[in-house]
Amino acid sequence: MTKRVIAVGTAKASPGKWTTGTLTLGHYPDAPITTPVNIVCGRLDGPVLWVQSAIHGTETGGAIGTLRLFKRLDPASMNGTIVAIMAANPSAFRGYARNTPLDGENLNRLFPGDPAASHSRQQASVLMETASGVADAVMDLHSGGDQAVVPFYALYWHDGSDASRRSRELALATGAADIWRSADDWLRGAMFANLTLRGKPAIIVECGGGGSLPEAQVDVFADAIEGVARELGIVPGRPRPRSAPRELSECLLVHNVHGGYFLPEVEVGAIVARGTVIARIMDPYGEIVEEIRAPNG
């Protein structure tokens with residue numbers, strides 16, 4: 001049987017090896033816009049897991065976690081391949097920005113993209129079509145970037161399809177304590193949602209942020225990828241999911257009304273009752289001008 005040929009840009013998989021290359025996602029006036037690509041390929045054929053990081057340029061933990069995992073993998077024991085896109089939004093990564101500096105757009109709201117539209121939409125189209133062409137499953141790694149902190153959770157698109165059900169299994173395999181099944185309209189332009197709608201399992205993994213990257217968060221990303229690779233049969237062994245993860249169905253965004261300093265009252269990821277004070281706003285004169293309460297519980 002002929003072994004499946006896996007190539008992403010200039011990176012080509014080689015059985016039993018870690019190979020590298022670049023993928024062109026767009027063009028500056030004087031040069032291509034490329035992202036580094038790492039591929040670890042097992043000696044035997046098997047599924048292909050696509051893992052990408054930094055679709056928002058300040059969210060770098062996933063890339064470092066991916067490299068940590070790659071350094072401990074043994075390609076000789078793998079049945080299949082892991083493809084890693086190190087900066088899914090290269091210009092945002094280089095500019096340390098959430099949105100694409102070239103056009104100001106949030107790339108992860110523009111899928112499936114459009115090859116004849118703005119730069120970010122062209123970029124979305126390249127990512128979407130390339131991933132669809134080589135991958136059997138997709139992980140998109142996120143954090144709170146430099147402006148927010150998020151707990152460790154996995155997110156999948158919930159529409160009752162076979163791809164959605166498989167995405168839930170991959171989300172559970174990450175080992176996250178919280179699993180968010182989403183059908184929120186504001187996420188319909190995200191890559192994971194559009195891949196699921198095409199019949200390809202895809203999830204988002206979120207962890208950390210706030211401008212710091214503790215070692216424990218790097219390990220979270222590495223372990224989450226390995227858990228999904230085990231679930232797919234790429235890496236030997238079974239994933240170690242949480243025995244009873246919480247499954248969530250919605251995300252409520254709460255906004256302050258008054259300006260000032262944000263003083264959190266609970267830990268990220270805490271479970272609280274409706275009406276609990278989760279933060280206070282203090283003005284520059286030391287007065288508490290607003291209490292922010294949990295809208296749900």
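Start with the charges: select Lys and Arg as positive and Asp and Glu as negative, leaving out His and the chain ends, and you will find 27 positive and 31 negative charges whose mean positions are 8 Å apart, the place of each charge being taken as NZ of Lys, CZ of Arg, CG of Asp or CD of Glu. The model is predicted, so local features need pLDDT of at least 70 and side-chain atom pairs count only at pLDDT 80 or more, while totals for chains, interfaces and linings use all residues. Residues are numbered from 1 along each chain as its sequence is written, and side-chain values use heavy atoms, with hydrogens and water left out.

Along the principal axes, the C-alpha atoms fill a box of roughly 70 × 50 × 35 Å. Buried residues, meaning those under 20% relative accessible area, with exposed over 50% and partly exposed in between (1.4 Å probe, protein chains only), make up 48% of the 297 residues.

Now select Trp-50, Val-83 and Phe-192, which touch the most other members of the largest nonpolar core, a set of 35 residues; such a core consists of buried Ala, Val, Leu, Ile, Met, Phe, Trp, Tyr and Cys residues joined through side-chain atoms within 4.5 Å. Among the elements that each supply at least two residues of this core are β3 (18-27), β6 (79-85) and α5 (191-197), while the largest share, five residues, comes from α3.

Stay on Val-83 and display its contacts (heavy atoms within 4.5 Å): leaving aside residues up to four places away in sequence, Val-83 touches partners including Ile-6, Val-37, Leu-49 and Trp-50. A second, separate core of 33 residues can be picked up from Val-51, Ala-154, Cys-207 and Ile-225, which are included in it.

Finish with the backbone. Most residues other than glycine have a negative phi, and most peptide bonds are trans. Select Ala-54, in the loop between β5 and α1 (61-72), where phi is near 60°, a positive value; Ala-54 is buried, with a relative accessible area of 1%. Then move to the loop between α2 and α3, where Tyr-96 lies: its phi is near 45°, also positive, but Tyr-96 is partly exposed, at 45% relative accessible area. Pro-112 is likewise in the loop between α2 (90-94) and α3, and the peptide bond from Phe-111 to Pro-112 is cis, with omega near 10°.

Definitions and conventions. Helices (H or I, at least four residues) and strands (E, at least two) are DSSP runs, numbered from the N terminus.
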